[in-house]
Amino acid sequence: MKKNKLYSGFATAVLASTVALAGCSFGSDSSGDSGSSDSASGDQTTVDVFQFKVEFKDQFEELVSMYEEENPDVNINVKTVGGGNDYGASLKTSFSSGEEPDIFNVGGPTDVDEYEQYLADLSDTEAAGAALEGTLTGVSRDDQVLGLPFNQEGYGMLYNKEVFEEAGINAEEITTFDAFEEALKTLDSKKDELGIEAPIAFAAKEKWVLGNHLSNAYLADEFNHSVTEAYEADTVEFKMGDQMKRFTDLQKEYSVQPVLSLDYSQQVEENFSLGKVAMIQQGNWVYNTVESMDEEFAQNNVGILPIPVEGYEGSIPVGVPNYWVVNKESEDEVVQASKDFLDWMYTSEEGKKFVTEEFKFIPAYEGYEDLEIADPISQQIYEYASEGNTLGWVFLGAPTGWTEDAMGVAMQEYIAGDITWEEVEQRATEAWEKARQ
Amino acid sequence: MQNRSLSFWLFLTPVILGLGIVVVIPFFYGLFYSFTDWNGITATAFIGFENYINLFQESEFVDSIWFTVKFALITVILLNVMGLGLALLVTRNIKSSSLLRTVFFMPNLIGGLILGFIWQFIFISVFGDIAGITGIEGFDGWLSTTNTGFWGLVILTAWQMAGYIMIIYIAYLENIPKELIEAAKIDGASSFQRFKNITFPLVAPAFTVSMFLTLSMAFKIYDQNLSLTNGGPFNSTQMVAMEIVRTAFSDNDMAYAQAKAVIFFLIVAVIALTQVYYNKKREVEM
């Protein structure tokens, strides 16, 4: 029965490989060299950029070739690997395989800790000096500035201006819970005339919608709007837990059902862009998606409402989702070239223009006052931010995985009716404390 | 296998090299890392069995194992019944049999990810519309509860894999000597008796192959899981493979995830080998 043994041996090997590979498989959408120069000649400095934002890959590469034209002695290779988890995994892979990039991205204090031994001090760059107040706290260690903010992002309740007008609701008055609930009731009672299915589409399938964004609005106050404070906190108390519950309940009640299988793309594309709902809890990042569905609607009809938080009426959560960092293990001239490039991108005239017009970023730096921000949602968020009506993004300082797998999951169970709100808070607190022991 | 000459080894070398580099070496690496606190970049300490002790106390991992076991049990039965059923159907003398074979096999040609999204659309939008029109509540809210998520996965997998299993059964069914069936007919055996006493024992080797395939596939399923439910709601429809990937890449606990993968490997290996052993014993040699 030698054959048998061979067969089962082979089977075992196949299984083994699957398991072994399951741990390190990732789909990568990488694009190679983007620059005009083909190979690095002797006097050229080559900078490898490894970045995660797929949405602006083409524009970024265009910017890179502009820079290369101006600085013929620098050759920049851009590699883009998209989407949340995949980026982290591939970044790890490149570090463990020794192909360390010179410029890469980190998300917040947790990432900074993990890669701290590789991060160069960027405090001498012009961009670090121009960064808006508060945007560097998450990446500062002692006197060092280890990262430069990508951009700012903000979220709130995006609403359909036309529907609101027809329903006779004045969006500017909706700053409190009562006004918010009132508006929902009005929308709900008139939904046939307005041609909507429900007032809200609540994407409760997405754990980040719940655990990152929704909860953040009510946790920001507890941590003084500081990522660092959240990062150092041993526990989370849910001082605004009642409000969080109320907001969750409201969104659930007035949403298209069932909420637990409603995902981001259904929420934004099917429901909001096509006018089936009047409001969604999202941020400026949806602009391109909405625009691709209905350009006219995206440009003229989308407004943003603040999330009702007592004591913070009329404020929206604004934060820095990602940072550029430079690998200090690279050669000195490469480190310098990397810094120069980042500086150029955020502080030179061409760079600034590109950042606002092509990247459609909400700048996280000073000196953009006279430039126009390309899309209306970002424009409104920038106005909130410049008036100082903001809540911090503290969720980036939560323990790794906490927002989604502790908070998000518990909220989903609450929405399903399996547990009470007290249990949500209790579980989330336990998970936080356990992670911070 | 007596004359293991130079050419024997020459032909074997590429395979052994390939297998060694991408399977065997990483496997032992992984085993080693599971005893450390490796975070994907550096391992600082050797912590013995701590990861292994912790993982059995983690309810999420244990839940995902149970979910997978339940899923595997049901899909293995369903797939083999459906596969054999379809095979019996298309080996009869009906006109459209080759067309039917193609049609039944077709779902298997679509990648799992895409399939997941297609079925997600069916379960959510189409089922939602059916519920809206007919008023049957059973069609409402699919994938928003643990139960519908589970059955959604089962349906998806059955639909995808049944055609593949059918092909295996067809191969064996068509190899059954006609004389045996004819002789049985002459002896007056009913069609059920013929199936039970002749067809069934003679396709037993096909059971070995199909059960092994379906069992290991049901355990390792990942892409369908990812695109159909992504573990939701509240991580309750999360298979082991997905749980491991999540531990590794979103919780950043590489060594811990590696320990889970080792346990997962052991479970699958034990089940698959036991099953192959028993099925082999039952087979009829022709």
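Visitor: What handedness does the crossing of H3(B) past H9(B) have, and how do you know?

Guide: H3(B) passes H9(B) in a right-handed crossing. A crossing is right-handed if the near helix is turned clockwise from the far one by less than a right angle, and left-handed if anticlockwise. This is a predicted model: local features need pLDDT of at least 70, side-chain atom pairs count only at pLDDT 80 or more, and totals for chains, interfaces and linings use all residues. Residues are numbered from 1 along each chain as its sequence is written, while chains are lettered from A and ligands numbered from 1 in the order written.

Visitor: What makes residues 59–90 of chain B a helix, and how do its axis and that of H9 meet?

Guide: Helices are DSSP runs (H or I, at least four residues), numbered from the N terminus. The axes of H3 and H9 (residues 204–220) of chain B come within 9 Å and cross at roughly 145 degrees. Axes are lines fitted to C-alpha atoms over the stretch in contact, with angles from 0 to 180 degrees between N-to-C directions.

Visitor: Which residues make the contact?

Guide: Among them are B:Phe71 and B:Leu79 of H3(B), with B:Met211 and B:Phe219 of H9(B). Contact needs C-beta atoms, placed from the backbone, within 7 Å. The contact residues divide into 9 nonpolar, 6 polar and no charged. Asp, Glu, Lys and Arg count as charged.

Visitor: How many residues of chain A's domain 1 touch domain 2?

Guide: 13 residues of domain 1 of chain A contact 14 of domain 2 of chain A. The domain 1 side has 4 nonpolar, 7 polar and 2 charged residues. The C-alpha centres of the two domains lie 30 Å apart. Domain bounds come from an automatic or database assignment.

Methods:
Helices (H or I, at least four residues) and strands (E, at least two) are DSSP runs, numbered from the N terminus. Two residues are in contact if their C-beta atoms, placed from the backbone, lie within 7 Å.
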